[in-house]
Amino acid sequence: MQIVKYVFQPHGDERGQLVALEEFKDIPFRIKRVYYMYDTADGFVRGKHAHKKLEQILVCIHGSCKILLDNGTEKKIVPLEKPYEGVYVASGMWREMYDFSEDAVLLVLASELYDESDYIRDYDEFLISVGAGK
Ligand code: TYD
């Protein structure tokens, strides 16, 4: 299972840093939605779902967190600790976000609008959907 990590180009000068993300240039899909998580309570795991169609890039723009990616046969953990790095999450990939630092802000760039019917929230159903069910 290949993890696709992005290192974005910071435009730094004496004033500080700036990262710009453009669809089809820095991000491999049309960005239809942006959302972010913050004030994540200690010990909680977010995500715990897969998407049928939607693709995402996750960027921890402040603080740090960990992303577990699971394709049904293999699992990998990706730490996100820099505001200029992102991880690509394909459709059909189970994801969990956890170990949020107190100051963490996790930005999500998504290829689709919010649509509950695109979610697979049941792990056994996910395994069946990727052909890894019992
Ligand atoms: P939820 O799907 O539980 O977050 P995650 O699985 O990523 O931890 O979403 C939390 C709430 O926010 C839920 O009531 C749905 C709502 N929501 C929206 O209204 N729009 C969105 O784009 C997202 C991602 C969530």
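The following paragraphs go through the chain as a whole, then the ligand site, and then a few single residues.

This is a predicted model, in which local features need pLDDT of at least 70 and side-chain atom pairs count only at pLDDT 80 or more, while totals for chains, interfaces and linings use all residues. Residues are numbered from 1 along each chain as its sequence is written, and side-chain values use heavy atoms, with hydrogens and water left out.

The protein chain has ten strands and one helix. Helices (H or I, at least four residues) and strands (E, at least two) are DSSP runs, numbered from the N terminus. Read from the N terminus, the order is β-β-β-β-β-β-β-β-β-β-α. The chain is as compact as a globular protein of its length, because its radius of gyration of 15 Å is close to the 14 Å that the globule rule gives for 134 residues. That radius is taken over C-alpha atoms, and the globule rule is 2.2 Å times the number of residues to the power 0.38. Along the principal axes, the C-alpha atoms fill a box of roughly 55 × 35 × 25 Å.

Of the 134 residues, 35% are buried. Buried means under 20% relative accessible area, exposed means over 50%, and partly exposed lies in between (1.4 Å probe, protein chains only). The accessible surface of the protein chain is about 8000 Å², and carbon and sulfur atoms account for 50% of it. Such areas come from the Shrake-Rupley method with a 1.4 Å probe, and for residues only the protein chains shown count as cover. Among contacts (heavy atoms within 4.5 Å) between residues at least 6 apart in sequence, 75% join residues at least 24 apart.

Next comes the ligand. Around the ligand stand Arg 33, Tyr 35, Met 37, Arg 46, Gly 47, His 49, Tyr 114, Tyr 119 and Arg 121; a residue is placed near a molecule if one of its heavy atoms lies within 4 Å of it. By class, this shell holds four nonpolar, two polar and three charged residues. In this scheme Ala, Val, Leu, Ile, Met, Phe, Trp, Tyr, Cys and Pro count as nonpolar, Asp, Glu, Lys and Arg as charged, and the others, Gly among them, as polar.

Which residues have polar atoms at listed distances from a ligand oxygen? A polar backbone atom of Gly 47 is 2.9 Å from an oxygen atom of the ligand. For side-chain N or O atoms, the distance to a ligand oxygen is 3.2 Å at His 49 and 3.0 Å at Arg 121. The ligand taken alone exposes 530 Å², and the protein buries 59% of that. Strand S2 (33-38) and strand S3 (46-51) are the elements that give two or more residues to the shell.

Strand S3 also contains His 51. Is His 51 buried or exposed? His 51 counts as buried, because its relative accessibility is 1%. The side chain of His 51 makes a polar contact of 3.2 Å with the side chain of His 49, a residue of the ligand shell. A polar contact is a pair of N or O atoms within 3.5 Å; within protein, one must be able to donate a hydrogen and the other to accept it, and residues adjacent in sequence count only if both atoms are side-chain atoms. A second polar contact, of 3.0 Å, joins the side chains of His 51 and Asp 118. Leaving aside residues up to four places away in sequence, His 51 touches several residues, including Ser 91, Met 93, Arg 95 and Tyr 119.

Lys 48 is found in strand S3 as well, and counts as partly exposed at 43% relative accessibility. Its phi is positive, about 55 degrees, although Lys 48 is not a glycine. Most residues other than glycine have a negative phi. Asp 99 likewise has a positive phi of about 55 degrees. Asp 99 sits in the loop between strand S8 (94-98) and strand S9 (105-110).

Another loop, between strand S5 (65-70) and strand S6 (75-80), holds Asn 71. The relative accessible area of Asn 71 is 23%, so Asn 71 is partly exposed. Its side chain reaches the backbone nitrogen of Thr 73 at 2.9 Å and the backbone nitrogen of Glu 74 at 2.8 Å.

Val 78 lies in strand S6 and is buried, with a relative accessible area of 4%.
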